[in-house]
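Student: Hi! Could you walk me through how some helices pack in this one?

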Amino acid sequence: MTPTAGRQGTHAHSKKTREHHVQNGWWYISLLSLLAGAVTALAFAPLDMIPLALLGPALLYLAQHGQSTRATAWSGWMFGLGFFGVGVSWVFVSIHVYGAASVPLAGLMTAVFVMGLALLFALQGWLFGRLCRSVSWLGFVGLWLLFEWIRSWLFTGFPWLYLGYIWLDTPFSHLAAWGGVWALTLFTLFLSIGLAEAIRSRRWPSLLPVFLLPVLVYYLPTEQTQQRDQAPLKVALVQPDIPQMIKWEGAQLENLLQHQIQLTRRYPDVQLVLWPETAIPAFYYEAAPFIDDFLEELDQQNIALISGFPFIAENPRDRSRSIFHNSLGVFSHGSGIYHKQRLVPFGEYVPLENQLRGLIEFFDLPMSSFSLPENTELRLHAAGHSLASTICYEIAYPELVRKSAINSDLLLTVSNDAWFGNSFAPDQHLQIARMRAIENGRWLIRGTNNGITAIIRSDGSLEKEAPRQQAAVITGEVPAMHGTTLYQQLGVWPSLLTSLLLLGIGFLRTRP
């Protein structure tokens, strides 16, 4: 063998060895990122494994460190698959059980939904590799928060599973009153990625400020709003537990309304009764024969009833067609109608409606033709109080709730989580609602069809909650609050500017 042939053989062997290592590296990074995303999702309700929310992002950071933009994008997508695949797997329940899609079809649709959401983590990873050259941990933190904010409005938004929610039942939860869930997300990432960077670089002294954060947050003042000098509002929250399969059957309307009326009549010594989302499952003119006498009774007793119902209105652009809103109304001893401002795709409206209607039952769910309002009242007025109102997953939008809560006495939200069975969704939904109470320094009353109905204090703790999957009524006294939190005054902007600043520092530190 000639020397040239020997060198060629050695070169070929080295190339195969490098390809083998790269291939094994991709498998390792893929598996690590997928696992990191999955374990991060376990940190949220109902499992509340808080340390996993510190571990998961740290693992992703270490997996992306020093990698190419292609590798960081791929690892970000794999993280998103694990994160959303575990965290929002409950979408399968509504598609299969209530949308009547077969198991394979429901699984496919859930997978497409998860893969689509995971693209945001892929883009986040790509930008990390592109802008920060996979070196600066500050850039990683800034990009993560930036993408949580993007997720709150892109394509109407899906503001679910923000890292800050994990601190709800800890001594650090009051940070939300200072900067919202966004500030708690930053707090989480500084601890998680700061520790990962300290381990990687072994530069512990320079990261000492990161580990002083818990002490600083712990000693922040906890109360920024105060109770009004007036008697608390006596409320009754009705959880009717109406089976989803019969709720929209016209023949059942009278029975369903009578069921809720009888539950309400057991508690005559209250000032406000709350029925859940679409508790009146018909247009008002259809329900009036069965409910008008009861409403007159409530008026005579000075009891306010607030209930969800579908609202029909004239289409201002086409008077030959009506439009429909998912709404909340004050039906006695008060005034106001609130129309939902954030609709659930496929559940409340169908994108590409002309093409998708009729293909499968899931695209023809009851009341899936709602429209957005051109304007709506942000607060309802009942029993002498101003209530900032939201419907269903609107409570997950921090900025939407903040804007309506500033001049309110308390917060009110209704939902129908029966669509998601016994999955993680109802617990996650309650966790989100509790965070809104802290951010806005207001008590919150939450009415649902079959759970979790609750009265929530202004510090996010639970005053009362109803048992799940059964008809129940909970009562309590809810104080009116006044004053504003710093988050109410400034909103997301301080956290967003911090995110951009961190991203800028990360970008500058990695330039040649």
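**Helix packing**

Tutor: In this predicted model, helix H5 (residues 103-131) and helix H6 (residues 137-150) have axes that come within 10 Å and cross at roughly 150°.

Student: What does that make H5 relative to H6?
Tutor: Roughly antiparallel, because angles over 145 degrees count that way. H5 passes H6 in a right-handed crossing.

Student: Which residues in H5 and H6 meet?
Tutor: On the H5 side they are Leu-120, Phe-121, Leu-123, Gln-124, Leu-127 and Phe-128, and they meet Gly-139, Phe-140, Leu-143, Trp-144 and Phe-147 of H6. By class, that contact has nine nonpolar, two polar and no charged residues.

Student: Nice. How does H2 pack with H6?
Tutor: Helix H2 (residues 51-64) packs with H6 at an angle of about 125°, the axes being 11 Å apart. H2 and H6 are therefore oblique to each other, and their crossing is right-handed.

Student: And which residues are in that contact?
Tutor: Pro-57, Leu-60, Tyr-61 and Gln-64 in H2 meet Trp-137, Phe-140 and Trp-144 in H6. Six of these residues are nonpolar, one is polar and none is charged.

Student: Switching topic: how many helices and strands does the whole chain have?
Tutor: The protein chain has 15 helices and 15 strands.

Student: What share of the residues is buried?
Tutor: Buried residues make up 55% of the 512 in the chain. The chain exposes about 22,200 Å², with carbon and sulfur atoms supplying 60% of that area.

Conventions: Residues numbered from 1 in each chain as written. Predicted model: local features only at pLDDT ≥ 70, side-chain atom pairs only at ≥ 80, totals over all residues. Heavy atoms only, no water. Axes fitted to C-alpha atoms, helices over the stretch in contact; angles between N-to-C directions. Helix = DSSP H or I, 4+ residues; strand = E, 2+ residues; numbered from the N terminus. Parallel < 35°, antiparallel > 145°, perpendicular 65-115°, else oblique. Left-handed = near helix turned anticlockwise from the far one by under 90°. Contact = heavy atoms within 4.5 Å. Nonpolar A, V, L, I, M, F, W, Y, C, P; charged D, E, K, R; others polar. Buried < 20%, exposed > 50% of the residue type's maximum accessible area, 1.4 Å probe, protein only. Areas by Shrake-Rupley, 256 points an atom, 1.4 Å probe, with all protein chains shown as cover.
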